[in-house]
Amino acid sequence: MALNLAQKKEVVAELANVAAKAHSLVAAEYAGLTVAQLTELRKKARQGGVYLKVAKNTLVSRAVEGTDYACVQDALVGPLLYAFSDEDPGAAGRLIKDFAKANDKLKPKLVAIGGKAYPASHVEVLASLPTRDQALSMLLSVMVQPATMLVRLLSEPASQLARATNAVAQQKQAA
């Protein structure tokens with residue numbers, strides 16, 4: 001269905017708004033997927049906090065102008081769907097990677113993060129990024145470790161004294 005000028009402007013504005021806030025972008029070729037498969041992919045995207053859109057490449061190219069994703073403008077060729085990660089940088093990568101395992105018609109084409117475009121092979125790297133909760137727990141464990149070591153260090157002299165006193169008591173009982 002062809003879009004009129006007002007509808008195109010609306011799509012560009014919506015995509016520009018999403019691109020300005022997104023953490024990462026994955027573009028994938030979707031030719032050959034059925035409507036049911038695309039519906040399933042959209043459902044998983046909503047659950048994972050990923051904005052998924054099938055749009056004309058020229059509209060997406062205009063929408064990403066002036067954002068971190070302007071670097072992908074030259075690579076937008078062919079029928080592509082665009083997955084923008086809203087909350088978690090690796091969410092779009094995980095979505096496309098997991099869905100492509102079960103559906104060989106979905107082929108990642110490019111990845112963009114931090115103002116740089118990468119080839120499709122970097123979907124694996126993007127998908128392996130920890131989620132926000134995982135990253136926070138890793139940070140917390142790194143922050144807690146020095147405090148734990150300090151407590152052990154400070155309690156060790158008292159522990160040694162208790163062990164020495166216990167050893168002397170046992171020697172006196174044995175004698």
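Glu124 is partly exposed, with a relative accessible area of 47%; here buried means under 20% relative accessible area, exposed over 50% and partly exposed in between (1.4 Å probe, protein chains only). The model is predicted, so local features need pLDDT of at least 70 and side-chain atom pairs count only at pLDDT 80 or more, while totals for chains, interfaces and linings use all residues. Residues are numbered from 1 along each chain as its sequence is written, and side-chain values use heavy atoms, with hydrogens and water left out.

Glu124 forms a salt bridge with Lys97, and their closest N and O atoms are 3.5 Å apart. This pair links distant parts of the chain, with Glu124 in helix H5 (residues 123-127) and Lys97 in helix H4 (residues 91-102), 27 residues apart. Helices (H or I, at least four residues) and strands (E, at least two) are DSSP runs, numbered from the N terminus. Lys97 is also partly exposed, at 23% relative accessibility.

The structure holds five salt bridges, each a side-chain nitrogen of Lys or Arg within 4 Å of a carboxyl oxygen of Asp or Glu. Another of them joins Glu40 and Lys44 (3.3 Å, N to O). These two residues are four apart in helix H2 (residues 35-48), so about one helical turn separates them. Glu40 is partly exposed at 38%, and Lys44 is partly exposed at 39%. Arg94 and Asp88 meet in a salt bridge as well (2.0 Å, N to O), and here Asp88 is buried, with a relative accessible area of 12%.

Val11, Val12, Leu15, Val18 and Ala19 are buried in H1. They cover an arc of only 130° around the axis, so they lie on the same side of H1; the arc is that of the directions from the helix axis to the C-beta atoms. These buried residues pack against strand E2 (50-54), helix H3 (57-63) and strand E3 (80-85), where contact means heavy atoms within 4.5 Å. The face turned away from the buried side carries exposed residues, including Lys9, Glu10 and Lys21.

Turning to the strands, E1 (residues 24-29) and E4 (residues 107-113) run antiparallel and are joined by six bridges; two strands pair if DSSP finds at least two bridges between them. Leu25 has Ala112 in E4 as its bridge partner. Four bridges join E4 to E5 (residues 116-119), again antiparallel. E4 and E5 form a hairpin with two residues between them, and Gly114 in the turn has a positive phi of about 65°.
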